[in-house]
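Q: Can we go through this one together? I'd like the overall layout first, then a few individual residues.

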Amino acid sequence: WHSGACPSPPPSPPSLPPALPSPPSLPFITSVVKVSGGSYPEEVSWSLDCDGLADPITGGAHYDEMHAVPPGNCTLDMSDSHGDGWNGAEWSALDWTDGKFTFN
């Protein structure tokens, strides 16, 4: 027989704070992307690459399609296969930007 105090159980590990919920996803913003033809539409090409977008949106002249992008930064690359500019063609997406863009 042994007299004395019984050993106490080991202390519980400190509890972790509850996990924070994931921030809500921001909704994508939609717009119709339009590109006019200009004098030489076959020479026109462009690419729109946006943060959070899996693949860039690409196209040429006489383009008119609805797209959705996440809020954030986008880069518009505009090209002309002949090297003399877009010759009057313009790129626009009026729900994303209030301007029209051309390549000179």
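A: One cut-off before we start: a residue is called exposed when its relative accessible area is over 50%, buried when that area is under 20%, and partly exposed in between. Also, this is a predicted model.

Q: Fine. How many helices and strands does the protein chain have?

A: There are zero helices and seven strands in the protein chain. Read along the sequence, the pattern is β-β-β-β-β-β-β.

Q: What share of the residues counts as buried?

A: The protein chain has 104 residues, and 26% of them count as buried. Its accessible surface comes to about 7,600 Å², with 56% of that belonging to carbon and sulfur atoms.

Q: And what share of the contacts comes from residues 24 or more positions apart?

A: Taking contacts with a separation of 6 or more in the protein chain, 66% are between residues 24 or more positions apart.

Q: On to single residues. Where is H62, and is it buried or exposed?

A: H62 sits in the loop between β3 (57-60) and β4. H62 counts as exposed because its relative accessibility is 63%, and the cut-off for exposed is over 50%.

Q: What about phi of H62?

A: Phi of H62 is near 55°, which is positive in a residue other than glycine. Most residues other than glycine have a negative phi.

Q: What is phi of N87, then?

A: Phi of N87 is near 50°, again a positive value in a residue other than glycine. N87 belongs to the loop between β5 and β6 (91-92). With a relative accessible area of 28%, N87 is partly exposed.

Q: Back to the loop between β3 and β4: what about A61, buried or exposed?

A: A61, which is in that loop, is buried, because its relative accessible area is 18% and the cut-off for buried is under 20%.

Q: Which residues does A61 touch, leaving out those up to four places away in sequence?

A: A61 touches V35, S36, G37, P41 and V44 on that count. As for C-alpha distances, A61 and E90 are 29 residues apart along the chain, and their C-alpha atoms are separated by 8.5 Å.

Q: Next, A68. Where is it?

A: A68 is part of strand β4. At 30% relative accessibility, A68 counts as partly exposed.

Q: And which residues is A68 in contact with, beyond its neighbours within four places?

A: Those are F28, I29, T30, L53 and W96.

Q: What comes up at the end of β4, in the loop between β4 and β5?

A: P71 has its place in that loop, between β4 (63-69) and β5 (74-80). P71 counts as partly exposed, at 36% relative accessibility.

Q: Which residues does P71 touch, again without those up to four places away?

A: P71 touches L26, P27 and I29. The C-alpha atoms of P71 and G52 are separated by 8.4 Å, and the two residues are 19 apart along the chain.

Q: Last topic, charge. Which residues form the negative surface patch?

A: That patch is formed by D49, D51, D55 and D77. D77 lies in strand β5, and at 45% relative accessibility D77 counts as partly exposed.

Conventions. Residues are numbered from 1 along each chain as its sequence is written. This is a predicted model: local features need pLDDT of at least 70, side-chain atom pairs count only at pLDDT 80 or more; totals for chains, interfaces and linings use all residues. Side-chain values use heavy atoms; hydrogens and water are left out. Helices (H or I, at least four residues) and strands (E, at least two) are DSSP runs, numbered from the N terminus. Buried means under 20% relative accessible area, exposed over 50%, partly exposed in between (1.4 Å probe, protein chains only). Contact means heavy atoms within 4.5 Å. Patches are made of residues with over 30% relative accessible area and no salt bridge: like charges are joined within 9 Å, nonpolar side chains (Val, Leu, Ile, Met, Phe, Trp, Tyr) within 5 Å. Accessible areas come from the Shrake-Rupley method with a 1.4 Å probe; for residues, only the protein chains shown count as cover. A salt bridge is a side-chain nitrogen of Lys or Arg within 4 Å of a carboxyl oxygen of Asp or Glu. Lys and Arg count as positive and Asp and Glu as negative; His and the chain ends are not counted. The place of a charge is taken as NZ of Lys, CZ of Arg, CG of Asp or CD of Glu.
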